[in-house]
Amino acid sequence: MYLPTITLILKTDVPVRENSEKLRGYIGNKFKENSILHHHAEDGKHIYMYPRVQYKIIDGTPVILGIEEGSAAIKEIYEFLVELKLGNSFYQIEEKRMIEKRQKFWYAESFQHYRILSPWVALNETNYRIYLQSSSKERIKLLNRIFAGNLLSISKSFGYVVTDQIKVKTKLSPTAISFKGMPFTGFEGEFQTNFYLPEYFGLGKSVSRGFGTIRNATNS
């Protein structure tokens, strides 16, 4: 299947120092009436689905990815974005670039190579304990299985039926990250899989906040 996406790139007067969670909070509070932008229902409860709007800070540049109905949400707010207030910092938006595409999302006959631009948050409390108690080879197998599970879960969210085995080869290193003031272990590096994924797609936990952002490196 093809996924309709919009990638909104915001050029600010100076590089953004804050993280993508601050960007998500600013946009979500500014446009509270549109739940797809902040992933909370009217009663305040979290909407449990693969986020159709994802926020990234890549090398100091704010990037917002909209998928399916998230694309329409980005179009609605585009003209109203003139500045960003992230924490105690103000940024003037000097240029906005909106890239609209239909991107591949399906099983691939050959391995596709991807780079992880922001740490992939793979481990919950249970599999983190398993990870710590495992050998190096077992850790790689565990992370490969979790990656494949991420792809299966996302496929289900978009109604895409995976009929072939998803294969994953990872080359990752652990890195310490902070989320909501709590320490976590994320993973940096690259991976290969027999699956086409959109540019700036997020994998793993907290993708709406920019974690697990990937880019295709097959032809680079």
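Helices (H or I, at least four residues) and strands (E, at least two) are DSSP runs, numbered from the N terminus. The structure is a predicted model, in which local features need pLDDT of at least 70 and side-chain atom pairs count only at pLDDT 80 or more, while totals for chains, interfaces and linings use all residues. Residues are numbered from 1 along each chain as its sequence is written, and side-chain values use heavy atoms, with hydrogens and water left out.

Lysine 104 is located in strand E5. Its relative accessibility is 36%, so the residue counts as partly exposed (between buried, under 20% relative accessible area, and exposed, over 50%; 1.4 Å probe, protein chains only). Residues up to four places away in sequence aside, lysine 104 touches Met1, Tyr2, Tyr196, Leu197 and Pro198 (contact: heavy atoms within 4.5 Å). Leucine 197 in turn contacts Lys104, Phe105, Tyr114, Leu151, Phe191, Leu203 and Ile214, neighbours within four places in sequence being left aside.

A nonpolar core is a set of buried Ala, Val, Leu, Ile, Met, Phe, Trp, Tyr and Cys residues joined through side-chain atoms within 4.5 Å. The largest such core has 34 residues, of which Phe105, Trp120, Leu197, Phe201 and Leu203 touch the most other members. Two or more residues each are given to this core by strands E1 (2-12), E3 (61-67), E6 (107-120) and E8 (182-195) and by helix H4 (136-157). Helix H4 supplies the largest share, seven residues. Another core, of 21 residues, lies apart from it and includes Leu8, Val53, Ile64 and Leu81.
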